[in-house]
Each structure stands twice: as structure tokens, then as C-alpha cells.
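Hi everyone, thanks for making time for this. I'd like to walk you through one structure today, so please have a look at the sequence and the model while I talk.

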Amino acid sequence: MAAAGSGRRAGLMAAAAAAGGAALWRRLSAWLPRGRLGLAALLGRLSDRLSRGRDRRARRSSWLLLAPLLTPPVPVITAPPCSLCPEGAHRFQWIRNLVPEFGISSSHVKVLSSPAEFYELLKVQIKTAKQRVVMASLYLGTGLLEQELKQKHYLRPLGKPDLGRFLMLECKFHSRVDCLEETLEKSLQAKGSSNLKVSILLDYTRGSRGRKNSRTMLIPLLQRFPEQVRVSLFHTPNLRGLLRLLIPERFNETIGLQHIKVYLFDDNVILSGANLSDLYFTNRQDRYVLLQDSPEIADFFTELVDAIGDVSLQLQRDDTVQMMEGMVHPYQGDKVAYCEIANRRVMEVINSARTRQELLHAKTFHSSQRGSSLLSQQGSQASGGLKTEPDTWIYPLIQMKPFGIQIDEMVTETLLTEAERDARIYLSTGYFNLTQAYMDLILGTRAEYRILLASPEVNGFFGAKGVAGAIPAAYVYIEHQFYSEVCYLHQQERVQLQEYSRAGWTFHAKGLWLYLAGSDLPCLTLIGSPNFGYRSVHRDLEAQVAIVTENKALQQQLHQEQEQLYLCSGVVSSSTFEQPNRYVKLWVKLVTPLIKNFF
């Protein structure tokens, strides 16, 4: 027992000592010439081996957090810091060495707080779109009552409560699909030939589940507007062969999914963790942010969805699917060849956008800085259309481990590692199943953590039939194990768990808010699809954005969002796990370690 305790203490000391190393590694790697990238990666690996020699429990030193980005298949970005930008303009500018940086005004960012707001915004955006509608989601929901409506008959009489819910769901269903049809029809009538293009990306396995599914909902659009509508269904390359034949429906979704949630209308982009289903419009709490009038960001996500769509199955008007001509099949073709093509296609989007943004940054803001004295004399009319200095920066973080892309993982680990003493990190996940690397960093670094997770009653699997009904208990078991580790290390004050609980609601919000030491407002947030778990890191296609802002009004929006979510939570203590609803059956405890990497 003493040896185990000393090992844990040594691990914590090693992680704390390494916290400053990530910044040093970043500075060194930034100045290494492009021809010496192998040396950079080697130095990172050597330093990691040395740290593991002191204590093998310290799995990853901070030096290695960015070193994998210097070796294929993840691209290498080693440009030195911009000499024209003021030192310390914001401390997260290193992220632009990995992904494109989009500088915008904070007035273009709006944080939403409720499913109803999200639903109303989607309706408005669909109806007013003129050029493009791009939607990436896990699936498009149907619902039993919606199926009954489509079938033109009812399986049972509807009482008054059922009728009210029926009308509500019917309206939401028609708003999702019929609004698109109405917008396409208006666009066609206005010009005779429509410029409006609709691209929808869903997951193949989830979108094909059941007789009535996402595919059957969208086929009428394809049949009526074949030249304007594209529906792509991503199929993970890891579900193939005998495995694909043996694993039944629903369970096959555990192998890997398209999990990105992006809703884009002309130059307006909504980032969220919410799917297109009635629950996410009514009583399933998530997060949502609108980036308005942001053409560069909209172009990036359009190209990203197109890239994933190009390596996905294309839904046809007769409900069959086929690959684009010349493309390797995800589960019938060579897996390595398919993943290489997918990696290359997605990385082309990231690297080309990064190059464009660097050129735009140099042309626009650097020239405005050099001519600032002249512009101040001649006034705004002499500015030649130059943009004002941004106060908010958007960084898209992509995670597609099946394709060898792990940018989000690396950035997240670096943020956790470099968080200083007395900094506060609020981390939220609908499914508490953190990777070992994330847990080690939380337990071994110096910042304060407030982790928001779902209580069993608001877990999305609560009350499910069959084996899925035991999933909330499995999450309780994982939570209890982590809490026990926190207590063993006497970290209860620094690392605090809080359970979201709200009658009649489920919880699906995920993301991170970072408060620097001494600050009452967050300067950075992560928002998007990842849950910080094994699936998000290793199995699924994920995307989120890091929003960094210096604007106090936007920081206040983010702070209020965080407070509103945490207001519905209670602090976890030892007595929490003594409650009757936290009892975990023995078979669940035995099975959870074997299957935790699949949910």
C-alpha cells in the first residue's frame, strides 16, 4: 500500500514538473527548420522515455503531447511565431500552428442556452438560406408519432395528452424536413434554376436503424431535387467482414460513428453537440453557439463536410447507396488504402484553410498595423476595406483517429497540461468515461477542476430496454472509481465532481470553459461533439472549436452559460454512492472494464 501511494505521489510530481515543459517544447519545435522534423520528434520521444524511467505511471510527459503531430499521419506545423503580432496577444496562439485561425469580432458570436432556442434558430436559418445548407449530424430523428403520421393511420387512439405531444412532434418533424423542401421550392421558383445546394452528412449505421429511419425521411428530398440535394452516409472502416455480419443493429454503432454536429446556412454556422431529433428540441440539454456572418469559417466546415462526404456512401433515390466513382469502399475495399485517402482528403481541407488564413492575416491585419498612423489621420474611408482588429479567435479541432488525425486530442491534452495553478477548468460531458490520459492530467496537474456529468436519471440511456438499460449503472461505477482515486490522492478540494439533475430532462452538454488564475470570466471554451471519452478519441469522427476571446461581453455570455448548466447540479460526495439508486450490480462491475471503450 505504501509503495502504491509513493508511486501515485511520484506520478503527480512528475506531471507537475512536466507542466512547464510543454511550453518549452512548443517554442523549440516552432523554431526547428522543416528539414529537421524527425529530430524534433526524436527529442520528444527521448524526453518521454526519460520521464517514464523515473515513474512508469506518468504515461505521457507534456513534451510528447505535441510531438506526435510532428510525425505522419498527423501534419506538421512548425511556422515560427508571427513577428508582427504583439507578444502575448493571447496565450493560445500556438493552436494556429496546427489548424487554421479565424479572427472575428465577438459581435458575431451568440451563445444559446436552450433546446427551444436551438430549434427556433434552425427553422429561421433554413427558411432564409439562399446559397447553401450544410448539416452534419449523427442522425435525423423520426419518432413513433411521426411514423404514424407518415403512415396516415394510427395504431391506437390518441388521448388529449398524446394529441398535444403528437402535434408538437409533428410540427418539429415538418420543420426539419418540410422547411428544407419549402426553401428549395422557393429558390427554384424564384430563378427557374436554383443556386441553393443542400448537403447532409449522417452516420450510416445510426441513420439506417429500423424500417423508418433517417434515410426514409430524406429520400423525398432526393427524388424531388436530385441536382440540389446530396445525402452522405459515413460508414466506419472498422466495421467490416465477419464483424459486420455478426454484430446486430444498434450494437454495430459501438464500433465507430460519424459524430460531428455542424449546422451551416450560407455564412452562418451553428456548432453544437445536439442531433436533429425532437428530444434535442425540447428537453435534452446541450450546448449551442452561433457564428454569424463568418464566410471563412462557413467555407471551412463546408469543405470539411464535403471531404467526409466524398469518402462516404451516397444515398440514392431508390434507398440504395453507392460510393463515388473511383473511391475505395469503406468496408469492402482495402482498409489501409481507404484510411489513407480519407486522411489525405481531410488534411487537404485543414492545411489549405490554414494557408489561406495565414495569407489573409498577413495581408489584412499586418498592413493595417503598418498603416495605422496614416489611417488614423485619414479616417475610416481611407482604410481600403481593411477589417478591424479581431477580439475573438476560432480554432477548429478535428479528431478522426481511424484516419490518423488526432488534433483535438493533442490540443485538449496540452490545455489540461498547461493550465496554471489557481486556474479553473469547468469540464462537462454527458457520458463520463474519460480517457486514461485525460484522467492522469486532471489528477496530476495544478489547476482546479469542476467536472459536470449526468446523474443516472438524466442519462440518455436511463430506462432503456435490454442491456442498454444497464449503461447508466456502468457510468455510476466509472464515476465512483474516479471519485475514489480523487479521494485517495486527497484532491477533493481541487477536483470536484458535480451531477446534473433536472426533472423530466436528459443531459447531453459537453465542452470546457477555462478561467485563468485571478479571472472571474472564461477566456476560452471548447464546444462541439467530443465527450472526452475513449470513443471520442479513438473510434468516432469528431469536431469542435476552441473559442478564445478578449471581449468581456462574450466572456460574460460564456460565463452565464456555464453557470446556468452548473446551477442544476449537486456536488458529489461519498454519501452520493450510498443512495439506493447508485447501487451497481456485480455483473455490471465485472463487465464494465471490458466494454467501457465502446460507449
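Let me begin with what I mean by a ring pair: rings of Phe, Tyr and Trp, the last taken by its six-membered ring, pair if their centres lie within 6.5 Å. With that in mind, look at Phe-118, Tyr-119, Tyr-263, Phe-281 and Tyr-288, which ring pairs link into a cluster. Please remember throughout that this is a predicted model.

The protein chain has 599 residues, and 56% of them count as buried. You can find 20 helices and 21 strands in the chain. Take the contacts with a separation of 6 or more: 79% of them come from residues 24 or more positions apart. As for the surface, the chain exposes about 26,000 Å², with carbon and sulfur atoms supplying 55% of that area.

Now, back to the rings. How many aromatic pairs does a search of the whole structure find? It finds 17. One of them joins Phe-234 and Phe-403: the ring centres are 6.0 Å apart and the planes stand at 80°, so we call this pair edge-to-face. Phe-234 sits in strand 5, while Phe-403 belongs to the loop between strand 12 (392-400) and strand 13 (405-406), so the pair ties together parts that are 169 residues apart in sequence. Phe-234 and Phe-403 are both buried. Tyr-500 and Phe-507 make a stacked pair, because their planes are at 25°, under the 30 degrees that stacking calls for. The centres of those two rings are 4.4 Å apart, and both residues are buried.

Arg-206 lies over the face of Tyr-139, 3.8 Å from the ring centre. In another such case, Arg-424 lies over the face of Tyr-515, at 4.5 Å from the ring centre.

In soluble globular proteins, nonpolar side chains tend to be buried together. Here, the largest nonpolar core has 114 residues, and Phe-301, Met-400, Ile-451 and Phe-482 have the most contacts inside it. Which helix gives the most to this core? That would be helix 17, residues 471-488, with 11 residues. If we leave aside neighbours within four places in sequence, Phe-482 is in contact with Phe-432, Met-439, Ile-442, Leu-443, Ile-451, Val-495 and Leu-497. There is also a second, separate core of 44 residues, which includes Cys-179, Leu-180, Met-217 and Leu-221.

Leu-239 is in the loop between strand 5 (229-234) and helix 10 (241-246). Is Leu-239 buried or exposed? With a relative accessible area of 2%, Leu-239 is buried. Beyond its neighbours within four places in sequence, Leu-239 contacts Thr-205, Arg-244, Ile-247, Asn-252, Ile-255 and Tyr-331. Gln-332 is 93 residues away from Leu-239 in sequence, yet their C-alpha atoms are 10.0 Å apart.

Asp-266 is not a glycine, but has a positive phi of about 55°. You'll find Asp-266 in the loop between strand 6 (262-265) and strand 7 (268-272). At 18% relative accessible area, Asp-266 counts as buried because the cut-off is under 20%. Phe-532 also has a positive phi, near 70°, and lies in the loop between strand 19 (524-528) and helix 18 (534-539). Phe-532 is buried, at 2% relative accessible area.

Key. Residues are numbered from 1 along each chain as its sequence is written. Side-chain values use heavy atoms; hydrogens and water are left out. Helices (H or I, at least four residues) and strands (E, at least two) are DSSP runs, numbered from the N terminus. Buried means under 20% relative accessible area, exposed over 50%, partly exposed in between (1.4 Å probe, protein chains only). Contact means heavy atoms within 4.5 Å. A nonpolar core is a set of buried Ala, Val, Leu, Ile, Met, Phe, Trp, Tyr and Cys residues joined through side-chain atoms within 4.5 Å. Accessible areas come from the Shrake-Rupley method with a 1.4 Å probe; for residues, only the protein chains shown count as cover. Rings of Phe, Tyr and Trp (its six-membered ring) pair if their centres lie within 6.5 Å; planes under 30 degrees apart count as stacked, over 60 as edge-to-face and the rest as tilted. A charge sits over a ring if NZ of Lys or CZ of Arg is within 6 Å of the ring centre and within 35 degrees of the ring normal.
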